[in-house]
Amino acid sequence: MMKILFIGDVVGMNSCEALRKELHGIKQKLGAEIVVVNGENSAEGNGINPASAAAIFEAGADVITTGNHCFRQKTMEAEWDQNERIIRPANYGDDVIGRGMCLLDRGAYSIAVINLMGTTFMQPLENPFRCIDRILESCTARIKIVDFHAEATSEKRALGYYLAGRVSAVLGTHTHVTTADEQVIDGTGYITDVGMTGPKNSILGVEKDIIIERFLTYYPKRHKFAGGEIELNGVLLDIDAKTGKCVSIERYRQIIQ
C-alpha cells in the first residue's frame, strides 16, 4: 500500500517557509512516500516564482501543481521550460509553455500527476473532460492523481464521477475552503476541495479587513496576505500500488507555525 499526501494551495512565502520547517516531520509521521503540493498562490503577490517553488521542493514535495495564476510571475518562464516536476493545467494546450503532467518513476511502478483546470466561472480553456480523456489514452502509469483546479462544485463532482474507476484520485483545489465530502468512488479517491495551506485567521489567505472593506464598499483594494498562524490542509491517500486503486482518503489538518 502506498501513501500519498496531497497538500492544498500554499498561500505566500510565510506558508512556504512554514512548510519547509514542518513537512519532513509530517511525512515521517504519516508515512507518506509521495507528496504533491499545489503552489498556485505561493509567491508574494500571487502565482508561483522560483523562490517559492524552491522552498516547496526543499520542504519535501515531489511535484508542484498550479492553476489559474500559474503564469502570473514572469520569472518562472525558465522553470516552466526546464523543471518537469512543476506542472500547469494540461488544458492550456500544447502550444503554451510548460507541461500538464508529471511522471514519477518508482521502478516497479510509476505515478502520473495530472493538472486540470475547470472552465465554469474560470478561463475558457479546452474542455477538461475531453482533455483528460485524451491524456488517459496514452498514459500507462498505474497510479494517476488528478488536481482539478476549479471554482464550481458541480463541475468538480461531475469530473469525479466521470473519472471514477479510471484514475486513483480526483482532488479539487482553488477555493481555499476544505470540503467534507471525501470518499472513494469505484477505487477513485475524491474530495471537492482540499483547502489551503495558509494564514488561519484570514479570508482565503488575505487580510480580513481588506476583503470585508471590498464587500462593504465594492471599491477595489490591493490584496495582502495575512500573517499569524499557518494551517496546513491536505488529504492522505492509501493507494494499492498493484492496481492503482484508492483504498482510503482522509482529510489532514495541522497548525504548522
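In this predicted model, helix 1 buries Gly12, Ser15, Cys16, Ala18, Leu19, Leu23, Ile26, Lys27 and Leu30. The helix covers residues 12-30 and has a kink of about 45°, centred on Glu22. Gly31, with a positive phi near 70°, follows helix 1.

**Nonpolar cores**

- The largest nonpolar core holds 33 residues, and those with the most contacts inside it are Leu5, Ile7, Leu19, Leu23, Ile26 and Val37.
- Two or more residues of this core come from each of strand 1 (2-7), helix 1, strand 3 (34-38), helix 2 (50-59) and strand 12 (230-239).
- Helix 1 gives the largest share, six residues.
- Beyond its neighbours within four places in sequence, Val37 is in contact with Ile7, Val10, Leu19, Ile56, Ala61, Val63, Ile64 and Thr65.
- Another core, of 24 residues, lies apart from the largest one; among its members are Phe6, Cys102, Ile143 and Ile239.

**Aromatic pairs**

- The whole structure has three aromatic pairs.
- Phe71 and Trp80 are an edge-to-face pair, because their ring centres are 5.5 Å apart and their planes are at 65°.
- Trp80 is buried, at 1% relative accessible area, whereas Phe71 is partly exposed, at 27%.
- Phe129 and Tyr162 also pair edge-to-face, with 5.3 Å between centres and 65° between planes.
- Phe129 is in helix 4 (residues 128-138) and Tyr162 in helix 5 (residues 153-162), so this pair ties together parts 33 residues apart in sequence.
- Phe71, Trp80 and Tyr92 make up one aromatic cluster.

**Charges over rings**

- Arg166 has its charged end over the ring of Tyr162, 5.1 Å from the centre; Tyr162 is partly exposed, at 31% relative accessibility.
- Arg85 lies over the face of Phe57, 4.3 Å from the ring centre.

Definitions and conventions
Residues are numbered from 1 along each chain as its sequence is written. This is a predicted model: local features need pLDDT of at least 70, side-chain atom pairs count only at pLDDT 80 or more; totals for chains, interfaces and linings use all residues. Side-chain values use heavy atoms; hydrogens and water are left out. The bend at a residue is the angle between axes fitted to the seven residues ending there and the seven starting there. Helices (H or I, at least four residues) and strands (E, at least two) are DSSP runs, numbered from the N terminus. Buried means under 20% relative accessible area, exposed over 50%, partly exposed in between (1.4 Å probe, protein chains only). A nonpolar core is a set of buried Ala, Val, Leu, Ile, Met, Phe, Trp, Tyr and Cys residues joined through side-chain atoms within 4.5 Å. Contact means heavy atoms within 4.5 Å. Rings of Phe, Tyr and Trp (its six-membered ring) pair if their centres lie within 6.5 Å; planes under 30 degrees apart count as stacked, over 60 as edge-to-face and the rest as tilted. A charge sits over a ring if NZ of Lys or CZ of Arg is within 6 Å of the ring centre and within 35 degrees of the ring normal.
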